[in-house]
Amino acid sequence: MMINKSIKTSGGDTACYILELQKISKSFGLVEANKNIDLQIEAGTIHGIIGENGAGKSTLMNILYGLHRANSGEMLVNGARVKIKSSADALSLGIGMVHQHFMLIPRFTVLENVMLGSEGGALLSKGRISTANKLKELGQTFDMEVDPYVLVSDLNVGMRQRVEILKALKGGAKILILDEPTGVLTPQEATQLFEILDKLRENGVTVLLITHKLAEIMAITDNVSIMRGGEMVGHRKTSDTNPQELAELMVGRKVLLNVEKPKAKPKEIALNVRNLGCYSSRGHKVLDNLTFQVKSGEILGVAGVSGNGQTPLMEILAGMRKPDEGYFEILGKKIDHETKVSPFTMRENAIGHIPEDRHKHGLILGFEAYENMVLGFHNTEMTGEKKLLDKNHMLKHTADRMDEYDIRPRNPKLLASSFSGGNQQKIVVARELYKNPKLLIVGEPTRGVDVGAIEFIHKQLIQLRDQGCAIILISVELDEIMGLSDRILVMNKGQEVSTVNGDDANPKDLGLMMAGISEEASN
Amino acid sequence: MIDFFYQTLWALDATLRVATPLMLCAMAGIFSERSGIVDISLEGKLLSGAFVAATIASLTGSVWLGLIGAISASVLMSLLHGFACITHRGDQVVSGVAINFLASGLTVILGIAIFKRGGQTPTLSSGERFRPIELWFVDALDNVPVIGAIYRELISGHSLLVYVALLCVPIASFILYKSRFGLRLRAVGESPIAVDSAGVSVTWLRYRALIVGGVFCGIAGAYLSISHGANFVREMSAGKGYIALAAVIFGNWRPIRAFWACLMFGFLDAITSRLQDIDLPLIGEVPAQLMSALPYIMTIILLSGFIGRPSPPSAIGVPYKK
Amino acid sequence: MKPLPRWADLILLPFINLCTAFFVCGIVVYIIGENPWEALLVMLKGAFIYPGSLGYTLYYTTNFIFTGLAVATAFHAKLFNIGGEGQAYVGSLGILLATALFAPFLPAVFVVLLCIICSAMVGAAWAFIPGYLQAKRGSHVVITTIMFNFLASSLMVYLLAGPLIQLGQQSPQSDLIPESAQLASFETFLGLFGVDIASSPLNLSFVLALLALFVFWVLIWKTRLGYEIRAVGKNQDAANYAGINVPKIIIITMTISGAFAGLLAVNEVMGVQHRAILNFTAGYGFTGIAVALMGRNHPVGIFFASLLFGALFQGGAELDFEFQSITRDMVLLIQGMIILFSGALAYMFNPALSKVFSRITKNGANDD
């Protein structure tokens, strides 16, 4: 029985932890997302929680914030045991959270979003003024001012994150949880965020920073806890550790932080993009005068913060969307606004497409593996020569691919949803690579994929490149881009900022380019 | 000229009477759909309310008990819808269709069981209904030209429930836009998870939205059988629940606009019978069926996006799972 | 919570839902003062035992197969076609048109064939527009098909009471269709082979219904079009990525759906009434929703669900006949309950069942 427990910290002080988790466990069906998690957070610190995708970090935070309920274990706030059954409970305990996917309502104004849940009375008129004042006050204290009367849909990502933070602070949060906050920010915006976090720490707010980026942990945190496979595998004082040690703890074995690859031998131009432009449904220009080439036998990495035109670019190249301006030539075939294209014709022309969101585009989770293995090729002989679908043919084809790519479990009739992220991705890769494409468009190939599968997929891509395929790789993970690419094109706001050679690239320069800065100073 | 004036007055007068159940059901539909729940079952709630109102008024002789009964029945149906859609995350359209069937069946079965008249309830006497009310100053204003006539024919002389319905529109608007409940309700229809993470219960909010809707439909049902009419007959809702739904879409899920849509549909209905024997220039005799089909045709045209694009709440129709 | 074994998911759970629906209805029967068991018995006898009853039951079943297939086809593309009622109604116009154009010149076989095709085509056309509006303009197909039901109703009233009315008649109905277009009843048909069965409206369109079930099965699971329809239903984004023309599939699916519904007119107009009468669709379109839900959009399930509802309708008529206080509206109630428990509350018993199963398998494992 542990009630008011005071524990000696590594610094020798006897202090009550502001937050403590004891043996927290949580399962979703058969999946154990959190196993016996112990965690101790010192007040007034920035505490990092690091782990790979799927390690269980978000689940743990959602339990802390009341969005999920732990199956077993205890939570203590300031030494007192608490039960957090809903977000309301968490908020009343002073716990606030900024989620990975923002919890804002685009159609409402900033003010309305911040008021939601703490309106200050049954009628809104009272709360409006007091909330607006509080927002102003907080904005000035922490240097993040926002216009309360603007619609959230009109704000950019960085500003929306500010609103989320302000909302948590307005609710009186003394513990602020940030779940992967920099995924959608440029490196410079991330730096600004960290300055805000510093200010928060100065003002006595405790920060829990959830991330999978080693650099962030080293840059800003006081302490770090490492999660792997649903378990807490280590706690360190940040100043006492280093990226290598953290990476090994994250992965469980020695990690090569860089992929080894032979030198590329590029040949003729396979993809020629000229002055490509396109508009969003709202009329914003999302691709602006884009011009570049990709040669057979090379990998062109497209770097940039998510949302700067990469998705429209991929969709246009894959035939899912028409360009509004400009044109591109694939293997000799010219495609512009007038051309009738579809992903089907693109595939007929030996173009493969591994989409960035396999759940949304790459797979039909409700279909079985063998039906997914022919997705996009269902009108070809991959489904048999006869007039009707040849099920046996498809089953055999799938079984062969599963052997080739070591996809587990080896059951072609299993629903796609039953496979792990890595194996699902392998199904997509197996499918798109089967016809030996001459051009491969790849987006976020290793998102949500375990390390073993990551290595496998990276090897496949290099192998394909060496067989003469032209590959255009789009990824928000700079490490992946730098590890795989022969040349790197950096995009910002739909435009090309710069193109560099893979060997010459370094993260700092790339980061500046991702923010749109090539030579000039930032504002 | 004077004849045309009076014809217009009578048409507008009839419009109000036809539009009353429509606007109440439309407010119900708005509350439910703005909270994210598709509500095809306005028709079933309307019918149930009508039946219970007539039954109780007949058995007890009290209109007020009848009204309360109607509201209770309608709220009960709403809770059933909520149970299926919110608690069990069932398909909302299917649940709505089921409730409509249940209402159609139960109202007649119970009606026969109680009254043995083949599904009808006994005709109510004048005291057992909501009678038209003469507003104050009606006699005094009689001598004032134009305004006096308008006051007597159009504004005064409606039953209490019509005035209640007219009040419900601004009340609904006020609740939706100026109250805490309304803010949260609109939020939950756009993004339930945002509401959940703000510490507000999505489930309770949606149930409340449905209950409010049930109250409105109940009043509408009572109006049909113990105010406008004098008893309940099978299927007496006659598709009004669906027209109300059309009005909600027409009004882009906003109370005041939906209200105007209801008036427009009511007007079309009111002039249908008048136009039947009139030869319009060029068209000739207008088939009554065409007039009665007009609200549906107009809704289809609206939905095709030819007159503006309807913008429903973003999270509508999707059950909330943590 | 472990997922249920497949047989439990496909058969046991629907069965439990069905029993619950009947149980609740039984309570209602009890409340109005009748014996639920007696009522159930009367229904069963009325549906299957009494002379001619099986024929009647199968006649209703025919209608439900058509409307059930209509709803199920659309469901596979995740579209909710509530317009079966209207699509079936206007299908009759196709038949009237075909008889007017072809009956004078062609032999019966061709007339019948052309009538079938035309009724399907008109039903398809009535569903095509909502399908087109959904695909190209984003108009919700649920609302538009409801509207089109009302439109069909208004249109048919106008036509049957006006231009198409049988001369000399007061009630709205069309002329008798020529003999060449009339489908033989089963009684007549089997009589040709010397087999004697009781009189009923069951006619050769039942065979058409069975054929339709087979065509549906082949279409959805064995053709590439069916693959595309199912893909669109399960994940529109992925279908788009795969090069499937999603708007085209939506339109095609709704059209096929309407065609199935339109075939109902073959049964009613060509097989039974031999003319178009007011409201011959009588709610069959809506029952199709219950059939598709219960039958899980699968041909075998749809057949049995149609049979169930056929028995319900016929048994309901018997109920009406034998019990003073129960009318055919009881069928509406049962239908609503089935839609509720098999549709909206389909997984209500899932957690409880899961617990039972995991306990059984745990005990089984412990015995080793």
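Helices are DSSP runs of H or I with at least four residues, numbered from the N terminus. In this predicted model, one such run is helix α11 of chain B, residues 240-250. Just after α11(B), B:Asn252 adopts a positive phi of about 55°. Of the 11 residues in this helix, 9 are buried, so α11(B) is largely enclosed by the rest of the structure. The buried residues of α11(B) run through B:Gly241, B:Tyr242, B:Ile243, B:Ala244, B:Leu245, B:Ala246, B:Ala247, B:Val248 and B:Ile249.

We turn next to the contact between chains B and C. Here 37 residues of chain C meet 41 residues of chain B. The two chains bury about 3400 Å² between them, with 82% of that area on carbon and sulfur atoms. On the chain C side, the residues that lose the most area to chain B are C:Arg137, C:Met147 and C:Phe150, which together account for 18% of what that side buries. The interface of chain C and chain B holds 1 salt bridge, and the count of residue pairs in polar contact is 2 (both at pLDDT 80 or more). In the salt bridge, the side chain of C:Asp329 meets that of B:Arg234 at 2.8 Å, N to O. The elements of chain C that give two or more residues to this side are α5 (108-137), α6 (141-161), α13 (284-294) and α15.

Helix α15 of chain C spans residues 329-344 and includes C:Gln335. With a relative accessibility of 2%, C:Gln335 counts as buried. Its side chain makes a polar contact of 3.1 Å with the side chain of C:Thr287. Neighbours within four places in sequence aside, C:Gln335 is in contact with B:Phe101 from chain B, and with C:Phe286, C:Thr287, C:Phe309 and C:Phe313 from chain C. Two of these partners, C:Phe309 and C:Phe313, also belong to a cluster linked by ring pairs, together with C:Tyr59, C:Tyr60, C:Phe64 and C:Tyr284.

In one of them, the ring centres of C:Phe216 and C:Phe260 lie 6.3 Å apart with their planes at 75°, so the pair is edge-to-face. C:Phe216 belongs to helix α8 (residues 205-222) of chain C and C:Phe260 to helix α11 (residues 246-262) of chain C, so the pair ties together parts that are 44 residues apart in sequence. Both partners are buried: C:Phe216 has a relative accessible area of 0%, and C:Phe260 has a relative accessibility of 7%.

Chain C and chain A bury about 2200 Å² between them, 57% of it on carbon and sulfur atoms. In chain C, C:Arg224, C:Tyr227 and C:Tyr241 lose the most area to chain A, together 43% of what that side buries. The ring of C:Tyr241 also has A:Arg347 over its face, at 4.7 Å from the ring centre. Between the two chains there is 1 salt bridge, in which the side chains of C:Arg230 and A:Glu371 meet at 2.9 Å, N to O.

Technical notes
Residues are numbered from 1 along each chain as its sequence is written. Chains are lettered from A and ligands numbered from 1 in the order in which they are written. This is a predicted model: local features need pLDDT of at least 70, side-chain atom pairs count only at pLDDT 80 or more; totals for chains, interfaces and linings use all residues. Side-chain values use heavy atoms; hydrogens and water are left out. Rings of Phe, Tyr and Trp (its six-membered ring) pair if their centres lie within 6.5 Å; planes under 30 degrees apart count as stacked, over 60 as edge-to-face and the rest as tilted. Buried means under 20% relative accessible area, exposed over 50%, partly exposed in between (1.4 Å probe, protein chains only). A charge sits over a ring if NZ of Lys or CZ of Arg is within 6 Å of the ring centre and within 35 degrees of the ring normal. Buried area is the accessible area (1.4 Å probe) that two parts lose on being put together, summed over both. A salt bridge is a side-chain nitrogen of Lys or Arg within 4 Å of a carboxyl oxygen of Asp or Glu. A polar contact is a pair of N or O atoms within 3.5 Å; within protein, one must be able to donate a hydrogen and the other to accept it, and residues adjacent in sequence count only if both atoms are side-chain atoms. Contact means heavy atoms within 4.5 Å.
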